Amino acid sequence: MGSDGKGASSSSVAIGIDLGTTYSCVAVWRHDRVEIIANDQGNRITPSYVAFTDTHRMIGDAAKNQIAANPTNTVFDSKRLIGRKFSDPHVQNDIKLWPFQVTTNDDDIPRIVVEHKCEKKSFTAEEISSMILVKMREIAEQFLGTQVKDAVITVPAYFNDSQRQATKDAGRIAGLNVLSILNEPSAAAIAYGLDTNHVHGNRTIFVFDFGGGTLDLTLLTIDKKGNITVKIHGGDTHLGGEDFDAAMVEFFATEFQRKKKIDDLRDNKRAICRLKVACERAKRILSSTTDASIELDSLHKGHDFYTSITRAKFEEISKNLFARCMELVHKFFADANQKKSSVDEVVLVGGSTRILKLEQLLKEFFDGKDLCKKCINADEAVAYGAAIHAAKLSGAADKKIQDLKLWEVTPLSLGVQIEGDLMQVTIPRNTRVPTKKKYVFTTTIDYQKNLCFPIYEGERLMARDNNLLGSFVLEIPPTRRREKPRINVCFEIDSNGILHVSAEEKATGSIKKVSVESNKGRLSREEVERMVKDAEKYKAEDKEHKKKAEARNNVANLAYSMRNFVEHEGIGSEISAQDKERINNAVDYALKWLDESDSATLDEINEKGKYLSSVFNSVNLKLNRGGSHGSSSSSKSHKIDVDTAASVISVLCSLLELFLQ
Ligand code: AMP
């Protein structure tokens, strides 16, 4: 599968990460098979959410679960921002829908502004994505019991160079060695291709990958030898399940206003967040039943919102989105000059392919053909394929995997701006990668001192309508008339889909090589380095927070166990009233202190544990001396439930041990 990024590090456990718009998934190749790794909540997919509070940072389920209470500091959709400029019209549209704030400096890089630990902080999309990557890496490390450094990260096939570079930067900020940036549909194809039951000779596969934020369309072939050859990519990086959620939110916000006749709910960020969560849930329910209800107490200005939606209504309000999806499919086959009848298998990938209407429309488009949605899990296929790719690149896989070969193509044309603001295409889209193309350029005026090469990607005729990747200037000796110098320029796209450009001016015998400068809108090397350091700082803070949370929990547990102990029907009667009062006072004091000391240090928390232990210990010793501790009291006339007493004492003893060292 090509010669990808840096080689695997010595630890050699390499993971595959599907860094999704709404959910992410991590997998590893182990014991001759792929294992999808569940997170600490037992979920095989993790929300791509990061939340900031006065005391700490949360990533994944914890962040998503608290969004309604903390909408402005809960960040999601970083994939919709990554590698894009603030001025990008897509970004401007999205900003209107997000509850968190996005601004920019004069570099046109979008920055997400949140309040963290009572201070205003701004983060780039690369940083937010890196936090999600750190979480996915930790999930894998917990599962494997070893450190993980190497990873394959997936991106939509339609991601441009800036979006790929930015995703790679996110990996670096997360401290990962990114072995490869892999296209999501190709990852799904690898997952599909590995299942040899499906390889019955050369087969043409159409992958319809519809996730939270992107629609990727890919046509590829798989042959018996394990060659997966991508023919054509298409789709839209800004169309996904979230657009369906947004359409439903809009519909219900209008209904709410019509019914309640109060101020617009859209200005209430908390209400919009709660409605969005409810709409996404309703959308999922409608994939299996014909209606779904929404019940939100005190949604806005004290008004409850109880309503429902039928599948038919959902399909009606989403009809423009369905139309956009199908237009893209029609255009894809037309541009590819390919007959839909040439497709042997239609593979559905991504959570949004569960929307029944889409399935019906696709089935109609393919003249009633059965769609393959059961052979691979739509949510996990991408991470599954990424794990296989990672195992192959790190050399950890067996022959069956080593034999799989992936041949990719470029999703967008690449070119140079020439006179008249025209785009001269140097590498047309859907060219197989890695690829190298050489061109000879010359000067347009006499004694020209330098040549400027603005590099664009996209399909429009005018360069300005395409995406400017960057530019470089080549100094040349100003000694020759126009059109005399010969400058060889080499454009190279590596197997990650990332561009490298170099130029040589040979006339004077000297060879000068240059590379594309990072364009406005991309992070500089220094910024990435700074973010790497920040990420380590945040990781240390998270660790500290986790330790504190565990210590607080231990102290609270000890306090409640002590209270259970003295209130226990049998044991309690063995303790003097005075001791009971001492224990109860200590417990009340510790619980109140925990409640009021959010910013306490780890030492202060542990001190409180020690204090509780010492209070209990003196009483406990007296009990022991009196010879009536624990189950021995069961022989007395008191009705002690021996098992309960034993468990109260055992919990208590293990908690005491924590603080008595
Ligand atoms: P992915 O990026 O592949 O994890 O897809 C996430 C998107 O799939 C989100 O927009 C989800 O709301 C959507 N999704 C997940 N399950 C379903 C379902 N059962 N019906 C409709 N959409 C779903």
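Predicted model: local features only at pLDDT ≥ 70, side-chain atom pairs only at ≥ 80, totals over all residues.
Visitor: Which domains does the assignment give for the protein chain?

Guide: The assignment gives domain 1 (13-239 + 322-407), domain 2 (241-320), domain 3 (414-521) and domain 4 (527-660).

Visitor: What makes domain 1 and domain 4 count as being in contact, and how many residues are involved?

Guide: Contact requires heavy atoms within 4.5 Å. By that rule, 17 residues of domain 1 are in contact with 14 residues of domain 4.

Visitor: What area is buried between domain 1 and domain 4, and which residues of domain 1 supply 38% of its share?

Guide: About 1,300 Å² is buried between domain 1 and domain 4, with carbon and sulfur atoms giving 53% of that area. On the side of domain 1, Arg57, Arg172 and Ile173 supply 38% of the area buried against domain 4, more than any other three residues.

Visitor: Why is the pair Asp542 and Arg57 called a salt bridge?

Guide: The closest N and O atoms of Asp542 and Arg57 are 2.5 Å apart. The limit is 4 Å between a side-chain nitrogen of Lys or Arg and a carboxyl oxygen of Asp or Glu, so the pair qualifies. Between domain 1 and domain 4 the count is three salt bridges. There are also four residue pairs in polar contact between domain 1 and domain 4, with both residues at pLDDT 80 or more.

Visitor: Which elements supply the side of domain 1 that touches domain 4, and how do its residues divide?

Guide: At least two residues each come from strand 6 (57-59), strand 9 (110-116), strand 10 (119-124), helix 4 (125-144) and helix 5 (161-173). The residues on this side of domain 1 divide into nine charged, four polar and four nonpolar.

Visitor: Why does the pair Lys64 and Glu280 tie together parts that are apart in sequence?

Guide: Lys64 forms a salt bridge with Glu280, the closest N and O atoms being 3.8 Å apart. Lys64 lies in helix 1 (residues 61-65) and Glu280 in helix 8 (residues 269-285), so the pair joins parts that are 216 residues apart in sequence. The same rule gives a count of 35 salt bridges.

Visitor: What is the average pLDDT of the protein chain, and where is pLDDT under 50?

Guide: The average pLDDT is 86, and 90% of the residues score at least 70. Over residues 1-5 the pLDDT stays under 50, and the model has 20 contacts beyond four places in sequence for them. Residues 625-640 are also below 50, with 22 contacts beyond near neighbours in sequence.

Key
Residues numbered from 1 in each chain as written. Heavy atoms only, no water. Domains from an automatic or database assignment. Buried area = accessible area lost by both parts, 1.4 Å probe. Polar contact = N/O pair within 3.5 Å; in protein donor to acceptor, adjacent residues only side chain to side chain. Helix = DSSP H or I, 4+ residues; strand = E, 2+ residues; numbered from the N terminus. Nonpolar A, V, L, I, M, F, W, Y, C, P; charged D, E, K, R; others polar. pLDDT = per-residue confidence, 0-100.
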